[in-house]
Amino acid sequence: MKSAILFLIFFSHAIWAASVDELKELLHTPEQLSGHFDQEKYLAAVDTSLKSSGTFAYIAEQEISWHTLAPIENTLTLTPNQIITAQNGQQVSVLDSQNNPVVQVFSDLFFGVMTADWDLLQTYFHIEAHTSQEQWQAQLTPSDVNIAQAITHVSLSGGAFLEQVVLQEVNGNSTTIQFSELLAEGSQ
Amino acid sequence: MRKVAAFIWLVIVLGICSIAWLKGPSFESSIMALLPQSEQSPYSAAAMQSQSDAMGQLLTLMILHPEVDKARTATLNIQSILADSPILLEQSPEHLQQQSLNPKFRFSVLSDQVKRRLENGQWQQQSDIALGQLFNPVASAPVDLKADPFGLYGSFLQDSVLSSNIKTQQGLFRLSSTPQPAFVLFYRLSENAFSLSTQSQLAPLLQQVKDYASANQVTVKMSGLVIHASYGANQAKQEISTIGVGSVLGIILLILAAFRSLKPLFYTLVPISVGAMVALAITTLIFPSVHLITFAFGAGLVGVAVDYSMHYVCAQSGQTENRLTKSLFVSLLLGLISSVLAYAGLALTPFPGLRQIALFASIGLVASWLTVLFWLPLVSNLSNMRLHPSIIDMCQHLTPVYSSKRHLQAVFAATTLSVIGSVFIYCSSAKDDLDTLQTSPIQLLNEDRTVQQAMGNGYQSTFLLITATGIEALLQKEEQVRLTLDRLRFEGDLGNYLSISQSLPSQAQQHRNITLVSELYRTQLAPFMNKIGASALIKQEAQQSFNQNHTILTLSEWQTSPLGHMLSSQLIRHKDGHISSVIRIQGKFSQAAKSQLQELASHTNLVEYIDPIADISDTLARYRTQLTMCLVIAYLVVSSVLLLRYRKQLWQIILPPLSASIMAFAIATLLNGGYNLFNIVALMLVFGIGLDMGIFIKESHGAAHTWVAVSLSTITSLLAFGLLVLSETPVLYHFGVIVLPGLLFVWLLTPFIQPISYGESRNA
């Protein structure tokens, strides 16, 4: 089934597909990946940058956990159906993404970006990719109306793994995430 | 003298009918109107009415196609097809695009989660959660550091009922819960769903939509009471043109074959029509409104009057002097008394519906009977009309020759079968579920359910009704009841619930909420702002924004908000100034939750637990029990009256209808896996016609013309009511399935019980 979809994509978007194909060759999408992150979130309305750092881990198609360690402790766990927030080992909120379209889009976006799932991202964005040697960069512009109301563009870059995400919001806010100390297990 | 009597009767009939006409007959179709008045509070009746009205006016269309663009185009095209209709008002997506509640109430109207945390003094936790939101890479709700640093409004929106499976996409509603792309169109009917004009206006439009859908390979699923109502009306129309025309043709052919003249048909129809008219007039004058079920069944029971006309016509045909003989009068009188006694028993029950039927049927019979007595001797000209000899011959050939051996065999067979039937009935149980009133086929119901589920409207039909003297008292009481609901939800016994006080807390609660939030700001704002490194100015602005926003949400302001619009049918104002609110239950609803809520309702004044489906089944069951009692009493009373005249021969009159009823009932029970109210109503008709047959034959000593008369009236009744067994409408089917075998058995059995002698016939 998946290959059938890819086959269709190849022939309907021949030019685009070539570069995504290159992206796929460059970028590894392991079964499991974990590492360290540094995030800087700029809030335009109050002209303040919020810096945070922590660890993250994902298991392909099952779960992503985003564990902020500083300045506060907070764990965000995403599964394909739920978004769970926990603090100090206690669940503080569980959102069912199936009943909530906003949460669904958020979840898809997070999964898509973190695991560089181009097929999933393609349902929400136009993708433009550039490669040079072992490095690559992808510019994502929203094609979905709901996302376009909130997000201007997303840029992803890296080598063997995803290394940086920059998310530009309509209201002027932006988020930059750097990944480091990456540890992969298994390969797809 | 006879002319004077006939004239007086004409004046009476015209008088009664015109008085009733002036009052104007009003019909009632709500099943709740059949319930005894004292059993339901006036508040719950109004609530059920308002809930069913609110549901009844909605029409929802779901449009599916594997490709989003095609689904979208199809939706726009269907939208333009329906835009022409003046009775359909489209519910535009605009009200969903607005914020469900103005954010200025973010401090007085809190989400359940936030309220619980603050009430438990978990100030720090609320602050940490807001921080967590802020540090998440992508926020699921936007955070406004100045107006609402603790994300109170975001939490309210997330909890809010409007965040359902429906989102707006380019001016249309898109469903997020279906695997295929799906759009929804919502309409509100400007007129009653049951009105025939609504249905006739809507039917061609919906057909156009279906044609469009099949031409473009789009799936369209519809949901709404109007779909079921128009299906029922169509079905009834179709059945009238098949079963109805069939039975009318059959009756005309029968009369033509028997008399070579259509006049007897006229002599039969006039008394029945006069009977039904007078019955309707008097019921209108006595009761505030006539229930449609009364009219349907009452008119059916008046059908017994066909016996009087037939008996008169057959007895008098070929006679030069057209008058009522004494023996004819006696048998007609006995026939009337027994049937009226049988039906009048219904008046003793506490059910308004049954009382109406009793009055209607008794009055109808008496009026028909009087019409036969006063008018037929004058208007009818029977001297030239004879029963056709070939019919008499045929009857003679087909009627079994009476012998005492056959008599004994028949009695033995009837008794044995009745005993077996009784045992079988005793071992079976009743089926009082709503299906007997349900006319829609299963695929239509499934389609409806699919649409509702896709929209996430998994609401239970059961609801809680809270009543108070004013809005503030009502909301406070609702908040009290919600403590139990919250506990049940926490324990997993209850999925979710939808109440007014969730978006419109009582004034007292709103003031408490503001106090809680001011404590949150006092203890948490400074450390929160420090953690994110915000400037002192931002902290000051946030505090100011809170201080300036202590607005309390009022009822009138809530009513104009999208949430208020959506929940408006859940708030009911009563004529006596009381006000009620409905709490709807969504998703899981365990037995434990049901019994706990019933317990709560029984202990708390003006809190009611209402289960409309169970109420209707319950009503049907109680009517059935009462009616069964009436039937037994009718048999006993009629038997004891007739005992005075027939002494030892009484059993010859009672046995045929009794055993036929038992056998018919057993057969219907076997076929349908249970019995119900409508079967019992049909048994009353079998009893009435069966009694008449026995009495007429007994009184005429088995004269051939009498046998022909009762045979004709039996076949007429079989054609009129027995054919209802072919009906797809459950209520009519359950009536027919008893009448058909019941009357057949009475008719087959009678000539074995009482001798029919052809030698004595005047016509032979």
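How many bridges join strand β1 of chain A to strand β11 of chain A?

First, the ground rules. This is a predicted model, where local features need pLDDT of at least 70, side-chain atom pairs count only at pLDDT 80 or more, and totals for chains, interfaces and linings use all residues. Residues are numbered from 1 along each chain as its sequence is written, and chains are lettered from A and ligands numbered from 1 in the order in which they are written.

Chain A, then. It has 5 helices and 11 strands. Both are DSSP runs numbered from the N terminus: helices are H or I, at least four residues, and strands are E, at least two. Back to the opening question. The answer is 10 bridges, between β1(A), residues 32-43, and β11(A), residues 174-185, and the two run antiparallel. Strands pair if DSSP finds at least two bridges between them. Within this pair, Phe37(A) has Phe179(A) as its bridge partner.

β11(A) also pairs with β10(A), residues 162-169, antiparallel, through 5 bridges. Here Leu167(A) stands opposite Thr175(A). β10(A) and β11(A) form a hairpin with 4 residues between them. In the turn, Gly172(A) has a positive phi of about 95°.

Of the 188 residues of chain A, 30% count as buried. Buried means 20 or more other C-beta atoms within 10 Å of the residue's own; exposed means 12 or fewer, partly exposed in between, with C-beta atoms placed from the backbone.

Now chain B, and helix α25(B), residues 612-646. The expected span is 1.5 Å times one less than the number of residues. Buried residues in α25(B) include Tyr623(B), Leu627(B), Cys630(B) and Ala634(B). An α-helix has 3.6 residues a turn, so residues three or four places apart point the same way. The cover over the buried residues of α25(B) includes α13, α14, α26 and α27 of chain B. Just after α25(B), Arg647(B) takes a positive phi of about 50°.

Last, the cores. A nonpolar core is a set of buried Ala, Val, Leu, Ile, Met, Phe, Trp, Tyr and Cys residues joined through C-beta atoms within 7 Å. The largest has 121 residues, and Val686(B), Phe735(B) and Ile738(B) have the most contacts inside it. Helix α27(B), residues 677-699, gives the largest share, 16 residues. A second, separate core of 57 residues includes Ile466(B) and Phe528(B).

Key. Two residues are in contact if their C-beta atoms, placed from the backbone, lie within 7 Å.
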